[in-house]
Amino acid sequence: MDTGDNPEQAAGGLPYQEVTRPEYATIAASAFTAEQAGPDVTVLRGPCPRCGAVIEALVVADVFQGVRSFGDIIRGRRAAPQPGEHVEPMACTCADEHPTRPEGRVGCGAYWKLLLTTEPA
Ligand SMILES: [Zn+2]
Ligand SMILES: [Zn+2]
């Protein structure tokens, strides 16, 4: 996978920062996979767009099979999710060391949204 356009990742010792960027949603949409883990449970798995650690998230709702880019909605090209789509807020939950992370927190602080669909990507 090409991470050459993520200079923060190469810097090392990435400090904890609660931050989101439009490109996090785009990067995550192309890198994350959705897998059925049980009735009405979907597991999302992929690398954090900020620190690169592979994380997993459970979504308990309908079973989603695809991950689409949320970018069109962020950029206003589309107003809202369509039927069969679901917006899932996500945050990095990695166990890596990130300086300045508050006690009891996980992840690097990055958060973003994924657009899930009931159809394969
Ligand atoms: Zn992260
Ligand atoms: Zn991390």
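**Exercise 1. Salt bridges**

Task: How many salt bridges does the rule give?

Solution. Start with the rule: a salt bridge is a side-chain nitrogen of Lys or Arg within 4 Å of a carboxyl oxygen of Asp or Glu. By this rule the count is five. The structure is a predicted model: local features need pLDDT of at least 70, side-chain atom pairs count only at pLDDT 80 or more, and totals for chains, interfaces and linings use all residues. Residues are numbered from 1 along each chain as its sequence is written, ligands are numbered from 1 in the order in which they are written, and side-chain values use heavy atoms, with hydrogens and water left out.

**Exercise 2. The partner of Arg 105**

Task: Which residue forms a salt bridge with Arg 105, and which parts does the pair tie together?

Solution. Step one: find the partner. It is Glu 18, with the closest N and O atoms 2.5 Å apart. Helices (H or I, at least four residues) and strands (E, at least two) are DSSP runs, numbered from the N terminus. Arg 105 sits in the loop between β5 and β6, and Glu 18 in the loop between α1 (7-11) and α2 (22-31), so the pair ties together parts 87 residues apart in sequence. Step three: check accessibility. Buried means under 20% relative accessible area, exposed over 50%, partly exposed in between (1.4 Å probe, protein chains only). Arg 105 has 41%, so it counts as partly exposed.

**Exercise 3. The zinc site**

Task: Which residues coordinate the zinc ion (ligand 2)?

Solution. Donors are N, O and S atoms within 2.8 Å of the metal (3.2 Å for Na, K and Ca); water is not among the atoms, so sites may look incomplete. The donors are Cys 51 (SG), Cys 94 (SG) and His 98 (NE2), at 2.1 to 2.2 Å. Their sequence spacing is C-x42-C-x3-H. Cys 51 lies in the loop between β2 (41-47) and β3 (54-60), and Cys 94 in the loop between β5 (85-91) and β6 (111-117), 43 residues apart. Cys 51 is buried at 12%. Cys 94 is buried at 3%.
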